[in-house]
Amino acid sequence: MNDAARGGPEGAPMPASQVYRRLLRYAWPYRGMYFIGVIGMVVYAATDALTLYVMKHYLQDATTLQHNAGWLKWLPLGVLAIFFCRGSGDYLAQYFPAWVARAVVKDVRAELFLRYLNLPTARYDVDSSATMLSRLTYNTEMVAGATADSLTSIIRDGLQILVNIGFLLVIDWRLAAMALLIAPLIGWSIGNINRRFRRYSARIQNSMGDVTRVAKEAFDAHRVVKVFNAQKHIAHLFEGANEQNRRSNVRLLQSRSSSNPIVQQVAAIGLALVLFAANREISSGVLTFATFGTFVVALMQVTQPLKRIMGIAGPLQQGIAAGSGVFEIIDAPGEPQGGTTPLGRAKGEVEFSHVSFEYTNDKGRVLHDINLRVPAGTTLAIVGPSGSGKTTLASLLPRYYDPTAGSVLIDGQDARSYSLTDLRRQISLVSQDVVLFNDTIRSNILFGAEDVSEERLRSTLRAAYVDEFVDQYPQGLDTVVGDRGMTLSGGQRQRIAIARALLRDTPILILDEATSALDTAAERHIQEALEQLVKNRTTLIIAHRLSTIEHADRIVVMRQGSIVESGEHAGLLAQNGAYAELHRRKFSD
Ligand code: ADP
Ligand code: MG
C-alpha cells in the first residue's frame with residue numbers, strides 16, 4: 001500500500017550484487033569463526049572423495065578376489081573413522097557459519113534500531129511504525145539467509161561438487177566431459193530461478209509490512225474498534241494484507257518446488273549422456289565395471305550439493321531483498337547534528353526571528369513570520385484555537401523540525417549552531433499525550449537519569465503530586481505501569497511527566513497542554529507544582545485552560561499560524577480582542 005510502495009525495496013536503486021557485498025561486510029569481523037566452519041566444509045568434502053576412492057578400490061579388489069589385498073581387513077574400522085571425520089566436519093560446517101549468521105542479524109538489527117532512533121521527526125510523521133517494526137524483525141531475520149547461510153552453501157556444496165567432478169575427471173575424463181556438457185544448462189536455470197525469487201521476496205516483504213501495520217493499528221486502537229463494532233471492517237483490512245502475503249509466498253513456493261525437479265531433469269540429461277558414452281567404452285573394453293560403478297556414484301553425489309546450491313537461491317534472494325530494505329533506512333539522512341558552538345547550561349533566552357514553517361510543500365505554511373522574544377527565566381503563555389500552530393511553534397525549539405525560513409535563537413545564537421545533544425539538554429517537555437514505557441513508575445520518572453538521590457526523588461514526587469497516588473500502590477514506585485502506561489489515568493501519567501521534567505531541571509521548559517488531562521482539583525494541586533517548576537526557567541506554556549496562564553509574564557494569542565495579540569492578562573482583557581473572546585468562551589464552558 002502507500003507506505004510499502006514508498007519504502008519498499010522494489011523501488012530501491014541499489015543493485016543486488018552491491019547489497020550482497022555490503023551484507024558480507026557485516027560478516028567480515030567474524031571471519032575467524034567462519035573459517036573454522038570452512039575447515040569443517042573441507043573435511044566434509046575430503047571425506048566424500050575418500051569414500052569414493054575407497055569404494056573404487058574395494059570394488060576392484062573384492063570383485064577380482066585378490067586375497068592378498070590385506071587392507072580389506074581394516075575397512076570396517078576405516079569406515080568408522082571416515083564417518084567420524086565426516087560427522088565432525090559436518091558439525092563445524094553447520095554450527096560456526098550459523099553462529100556468524102546470528103551475529104550478523106544482531107549487528108544489522110542494532111544498527112537499524114539506532115538509525116531509527118535518529119531519524120528526523122518528519123520521517124516518523126509519514127512512515128508507519130509497524131512497517132518499521134517489520135523491518136526490524138522480519139527483514140533482519142531474512143538477512144541471515146543472504147550472508148552466512150548462502151556463503152556456506154556456496155563454499156560447502158561448491159567444494160563437494162568440485163571434489164566429485166575432479167574425481168570424475170581423474171577416473172575417466174571422457175565420460176566426465178560428457179557429463180559437464182550440461183553445466184551451461186544448470187547455470188541458466190539457476191539464473192532464472194534467482195530472478196523469480198528476488199521478485200517474490202520483495203513482495204512478501206512488503207506484504208509482511210502491511211500485515212504488521214494493520215495488526216498494530218488495530219491493537220493500538222482496540223477500544224475504538226470495540227465501541228464502533230469495527231471488528232469486521234478491521235478483519236477485512238487484515239484479510240487483504242494476509243491474502244497478499246499468502247499469494248506472494250505461494251509464488252515463491254512454486255519457484256522453489258520447481259527448482260528441484262528442474263535439477264533432477266537436467267541431471268538425468270547428464271546421466272543419459274554418460275550412459276550413452278559408457279556403452280561404447282565398455283564394449284570396446286576401455287572401461288571396467290569398478291570404474292564405471294564409482295563414476296555413477298560420484299555423479300549421483302554431485303546432484304545432492306547441486307540441489308542444495310539451487311535451494312539457497314531462495315533465502316539468498318530473500319535476504320538481498322530484505323537487506324536492501326534495511327539499507328534504505330540505514331542510508332536515510334538522520335537528524336542534522338548541529339554546529340559546534342559550546343553550550344553548558346544555557347541562560348534560557350529564547351527568540352523566534354521571522355520564523356515560518358511548513359510541514360509539507362503541498363500543505364503550505366502553518367507558521368507565518370513569527371517574531372517573539374522570551375527573556376531568560378520568564379514565562380510565555382501561548383493560547384489560540386486548536387490547529388493554530390502552538391504545538392508546531394514549540395516543537396521548533398528542540399529541533400524536532402527546523403524552520404522553513406527565519407531562525408530560532410537560544411541565548412542569542414541560532415539553535416542550529418549548538419550540537420543537537422547540547423541543545424536538547426536544555427529543554428524539558430511535558431505534552432498532552434504522555435507516553436510512558438511499560439516499566440516501573442520509578443524508571444519512568446528517572447528515565448535514564450543517574451545519580452539521583454532518594455531524597456531528591458522523594459521531594460520531586462511530592463512537588464509533582466505523584467506521591468499522592470503512588471503511595472496507594474502496594475509496590476509504590478516499583479509498580480509497573482502497563483503498555484504505554486495504560487493502567488494509569490491521564491492525570492496520573494501527566495503528573496509522572498511533570499516529575500520527570502522537574503527532576504531534569506533544565507533552563508527551558510515547554511508545557512504543551514500539560515494540565516489538560518487533570519481534573520480541576522488535581523490541577524489546583526499541580527498548579528502549585530507548576531509554580532515551583534516554572535521558577536527560574538524560561539517556560540513556554542501552551543494551555544487551553546486559561547486559569548493556568550493568568551500569571552504568565554506575557555501571553556500571545558495565535559490564530560492560523562500568526563500571532564494576533566500579545567501582552568499581559570489584564571491588558572489583553574482590557575483590549576477586548578481575541579484574548580478577551582477566548583477568555584469569555586472558556587469560562588462559559
Ligand atoms: P495547535 O497545537 O495549535 O492545536 P498544531 O501546531 O498542532 O496546532 O497544528 C498546526 C497545523 O499544522 C494544523 O493545521 C495541523 O493540521 C498541522 N500539523 C500539525 N502536525 C503536523 C504534522 N506532523 N504533519 C503535517 N501537518 C501537521
Ligand atoms: Mg497542540
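**Exercise 1.** State the strand order of the open sheet of six strands and identify its edge strands.

*Solution.* The order is S6-S7-S8-S3-S9-S10, with mixed pairing; strands are DSSP runs (E, at least two residues), and helices are runs of H or I with at least four, both numbered from the N terminus. Two strands pair if DSSP finds at least two bridges between them. Strand S6 (427-430) and strand S10 (562-567) each pair on one side only, and these are the edge strands.

This is a predicted model, in which local features need pLDDT of at least 70 and side-chain atom pairs count only at pLDDT 80 or more, whereas totals for chains, interfaces and linings use all residues. Residues are numbered from 1 along each chain as its sequence is written, chains are lettered from A and ligands numbered from 1 in the order in which they are written, and side-chain values use heavy atoms, without hydrogens and water.

**Exercise 2.** In which sense do strands S3 and S8 pair?

*Solution.* Strand S3 (residues 379-383) and strand S8 (residues 538-542) are joined by four bridges in the parallel sense. Within this pairing, Ala381 stands opposite Ile541 of S8.

**Exercise 3.** Which strands does helix H18 touch?

*Solution.* Helix H18 (residues 490-504) packs on the sheet and touches S6 and strand S7 (508-512); contact means heavy atoms within 4.5 Å. The direction of H18 makes about 170° with that of S6, where axes are lines fitted to C-alpha atoms, for helices over the stretch in contact, and angles run from 0 to 180 degrees between N-to-C directions.
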